[in-house]
Amino acid sequence: MIAFEHVGKRYGGRFDALAHLNFRVERGEMVFLTGHSGAGKSSLLRLIIRLERPSRGRILVAGHDIDRLHHTQVPFYRRQIGVVFQDHQLLFDRSIYHNVALPLEIQGMEPREASRRVRAALDKVGLLHRERALPIELSGGEQQRVGIARAVVNKPALLLADEPTGNLDPQLSADIMSLFEDFNRIGTTVMVASHDLALIARLRHRTLRLHEGRLVADEEAV
Amino acid sequence: MSSQGQERSRRGARTHRASAGGRWRSWGRHHRAMSLDSAQRLLRYPLSSLLTMLAIAIALVLPAGLWLALDGARLLDAELDESATLTAYLADRVDDGEAGRIEEALSAHEGVAETRLITAAEGMAEFQQSLGLEDALARLPGNPLPASVVVTPADTSPESVRRLAGELEAVSGVEEVRLDFAWLERLRHLAELGQRVTLALAVLFGMGVLLVVGNTIRLAVENRRQEIEVVTLIGATHPFVRRPFLYSGAWYGLGGGILACGLLTLGGDWLSGPVSALAASYGASFALPALGFGGSAILLACSTLLGWLGAWIAVSRHLAQIRPR
């Protein structure tokens, strides 16, 4: 699903945020991406959604070199990836329902079909009863679950999450992670960047460890 | 993503693939939604929206008002061409029958579009009427006026009219051909000056409208920066992101245009009293022209287009900055 071939990312001509990255993530896999803050986890995810372009090497997603995408194709590429952000990136001027519906609205999905999908996604994260609420009325954990519903409403083949449990207590974090495992179980490729090592160790999935922009460990699930 | 196609079939419809008709429908749906949404945003801040529209209206009123004044003073092209006529005065000895033959000869000339014979008697009557000197003229022993033929040239450019005058003067029985070129050219230059000033003002104030709308939209883009970033991250195309702002710009332009039409109507009413009084003192009747249906439609179309264009420039510039590289 994802292949990094000798990928490097250099900022300002001096600082190597990422260097010599070589790894593959197979379709249907669930992978953790870990390392200290500043190790390059977010940069790596930004490369995959083509917010940044690599300074060196190639990134293949679903067999396509994403650096070759024309800038008009990028939106259509991004629609096939669900992204969960640490700060959830919800729009605070609209309801939970409309936040989750946003990717479908962007695709121009017919409203009735969209409404069915939005409700299914909200039901999946256990927030169907809050669809009319505004994000500000929700707790941090609930906001993050709205973010996840928005990422999966589109049924993407690839789900990326950047520190999805960053500000949550252990119980909520475990709940969020088990949601990701549920999506992985139905075939979605999932990549979660997190520095919550205790939680990651408990969950037993393949783990890529980054240190100063280099891949220092690739540990299979035990 | 062809390999993803297999994935899709394995797990059923993964992404929504719309048919061509469905795409058009969803495109139309988004246009409707965004035109309404942007109008509602304008109405949420009625005072600031009104001020923006008023600024646009003021910028439009000056060139539009000047154009109307030119139109009223008949300084626009069509009217001038009509007044470019020659008068061929016939010799004193020519009687009415011969005058008719001379008129026919003149109208046969290839450079002549139209002729109108004014016999000596008709000329006298016209003269009396226009000057109100019936008594004085009636005391004259005979009619001192010659018959004349008013000639409308086919080609109204100054050189060809001048050439035509020379040729008509050579026709026997024609005493003299008069063309009032001095005032005609003066008028022509005045008209050209007026038109150019109007055009220059229209361009300047049109740019003013672009700036007003552009600045307003720039602020709107700044206010919705987070939203733009989020929708860009989850796959919104540039036209999708631009659309609400373009509609806002068009609404501002349309509102400004409507206000400008109102201002022009009010201004016309306010000025019409003194203008017709002034015209009456010269023994003429002159009314300020109204904008009318066609004029209003043109003004509204221009202002809406300018609003849209201003928004387009502002949004495109700022999207380029927001676009994550």
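Biologist: In strand 2 of chain A, which residue is the bridge partner of A:Arg10?

Modeller: This is a predicted model, in which local features need pLDDT of at least 70, side-chain atom pairs need 80 or more, and totals for chains, interfaces and linings use all residues; side-chain values use heavy atoms, without hydrogens or water. Residues are numbered from 1 along each chain, and chains are lettered from A and ligands numbered from 1, as written. Strand 1 (residues 2–11) and strand 2 of chain A run antiparallel, joined by seven bridges (strands are DSSP E runs of at least two residues, helices H or I runs of at least four, numbered from the N terminus). Within strand 2, A:Arg10 is partnered by A:Asp16.

Biologist: Is A:Ala151 buried or exposed?

Modeller: A:Ala151 lies in helix 5 (residues 140–152) of chain A. Beyond four places in sequence, its contacts (heavy atoms within 4.5 Å) include A:Gly82, A:Val83 and A:Pro156. Its relative accessible area is 5%, and under 20% is buried, over 50% exposed, partly exposed in between (1.4 Å probe, protein chains only). Therefore A:Ala151 is buried.

Biologist: Which helices do the buried residues of helix 2 of chain B pack against?

Modeller: Helix 2 of chain B covers residues 20–44. Its buried residues include B:Gly22, B:His30 and B:Leu42. The buried residues pack against two helices of chain B: helix 3 (46–72) and helix 11 (238–281).

How values were computed. Expected span 1.5 Å × (residues − 1). Pairing = 2+ DSSP bridges.
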